[in-house]
Amino acid sequence: MSRIVLVTGGGNGIGKAVAARFRAAGDTVVITGRNSARLDRAATEIGARPILCDATVPEQVARMADELGPELDVLVNMAGGNTDLLDPGTGGGALDRTAAAWRANLDANLLSAVLTTTAVREKLRPGGSIVNIGSIGAEYAASSYGAAKAALAAWTAGLSSETGPNGVTANLVAPGYIAGTGFFHGKLGEDRRAALIAATHNGRAGDPADIAETVYFLASPGARHITGQTLHVNGGAHTTR
């Protein structure tokens with residue numbers, strides 16, 4: 001039976017790979033994102049339905065939920081990214097810049113998932129799944145990005161206890177270094193890349209398909225007794241330091 005799947009941040013990278021995996025199985029997939037052109041290209045390529053939405057803006061999330069329709073089977077909260085890697089600007093004092101940087105990462109990586117989940121949670125049918133995308137960076141949380149992803153993991157565990165009685169699982173997938181995405185915004189040097197790969201046990205970078213397959217499994221009938229968990233998909237690596 002075809003399911004209805006919502007993937008936020010589904011216009012590129014891991015989100016697009018996740019959306020494509022569900023489409024390959026014959027599911028109806030809706031993808032959201034902030035970049036209209038990129039979202040439309042991805043939707044055309046994989047056969048998904050695009051809804052333009054910034055997951056950090058309550059009004060846009062509410063509109064997206066209305067457009068989505070009355071029922072949903074799988075929610076994948078992929079929208080986010082390390083805003084520390086973007087241009088921080090030079091305005092304000094040091095504390096102002098610190099506050100802005102932390103709020104930006106908390107909004108992008110925690111609030112986006114909270115808002116989206118809250119908006120569509122009542123649409124999830126029994127047997128449904130929520131999968132949030134965290135990060136290996138949460139293990140040490142030395143930055144606002146890592147702290148936001150750590151908070152997302154803790155929130156996911158609590159969410160599971162609330163959705164479980166309705167037959168809906170909630171889990172988090174924590175990737176390590178995944179090649180072939182725009183996560184580092186062109187700022188990953190070759191030495192750093194080599195160090196990230198060397199930290200794995202299997203000697204390779206992750207691929208978006210690694211995450212997509214894990215997410216797909218967590219939404220499958222074989223994973224119905226897995227909930228409230230963080231699954232690390234990092235080749236055995238334990239640190240990004």
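Biologist: Which residue lies over the face of Y216?

Modeller: In this model, which is a predicted one, R21 lies over the face of Y216, at 3.9 Å from the ring centre.

Biologist: And how many aromatic pairs does the count come to?

Modeller: The count comes to 1 aromatic pair. It is made by the rings of F22 and Y216, whose centres are 5.2 Å apart and whose planes stand at 55°, so the pair is tilted.

Biologist: Where do F22 and Y216 lie, and what does the pair tie together?

Modeller: F22 belongs to helix α1, residues 13-24, while Y216 belongs to helix α7, residues 208-218, so the pair ties together parts that are 194 residues apart in sequence.

Biologist: Is F22 buried or exposed?

Modeller: F22 counts as buried, since its relative accessibility is 0%.

Biologist: Switching to the sheet, what is the order of its strands?

Modeller: It is an open sheet of 7 strands with parallel pairing, and the order reads β3-β2-β1-β4-β5-β6-β7. At the edges stand β3 (49-52) and β7 (230-233), each of which has a single partner strand, so one side of each is left without a neighbour in the sheet. Direction ignored, neighbouring strands of this sheet are turned by 20° against each other on average.

Biologist: Which helices pack on it, say α3 to start with, and what does α3 touch?

Modeller: Helix α3, residues 58-68, packs on the sheet and touches β1, β2 (28-33), β3 and β4, with a direction that makes about 155° with that of β3. Helix α5 also packs on the sheet, where it touches β5 (124-133), β6 and β7, and the direction of α5 makes about 160° with that of β6.

Biologist: How many bridges join β1 to β4?

Modeller: Strand β1 (residues 4-8) and strand β4 (residues 72-77) run parallel and are joined by 4 bridges.

Biologist: How many residues of β4 are buried?

Modeller: For β4 the figure is 6 of the 6 residues, so the strand is largely enclosed by the rest of the structure.

Biologist: Now T116, where does T116 lie, and is T116 buried or exposed?

Modeller: T116 lies in helix α4, which spans residues 94-120, and T116 is buried, with a relative accessible area of 1%.

Biologist: What does the side chain of T116 reach, and which residues does T116 touch?

Modeller: The side chain of T116 reaches the backbone oxygen of S112 at 2.9 Å. Leaving aside residues up to four places away in sequence, T116 touches L6, T8, A55, V61, M64, L75 and N77.

Biologist: Last one, G164: where is G164 found?

Modeller: G164 is found in the loop between α5 (144-163) and β6 (169-175), and G164 is partly exposed, with a relative accessible area of 36%. From T56, which is 108 residues apart from G164 along the chain, the separation between the C-alpha atoms is 26 Å.

Key
Residues numbered from 1 in each chain as written. Predicted model: local features only at pLDDT ≥ 70, side-chain atom pairs only at ≥ 80, totals over all residues. Heavy atoms only, no water. Helix = DSSP H or I, 4+ residues; strand = E, 2+ residues; numbered from the N terminus. Buried < 20%, exposed > 50% of the residue type's maximum accessible area, 1.4 Å probe, protein only. Polar contact = N/O pair within 3.5 Å; in protein donor to acceptor, adjacent residues only side chain to side chain. Contact = heavy atoms within 4.5 Å. Phe/Tyr/Trp six-rings, centres within 6.5 Å; stacked < 30°, edge-to-face > 60°. Lys NZ or Arg CZ within 6 Å of the ring centre and 35° of its normal. Pairing = 2+ DSSP bridges. Axes fitted to C-alpha atoms, helices over the stretch in contact; angles between N-to-C directions.
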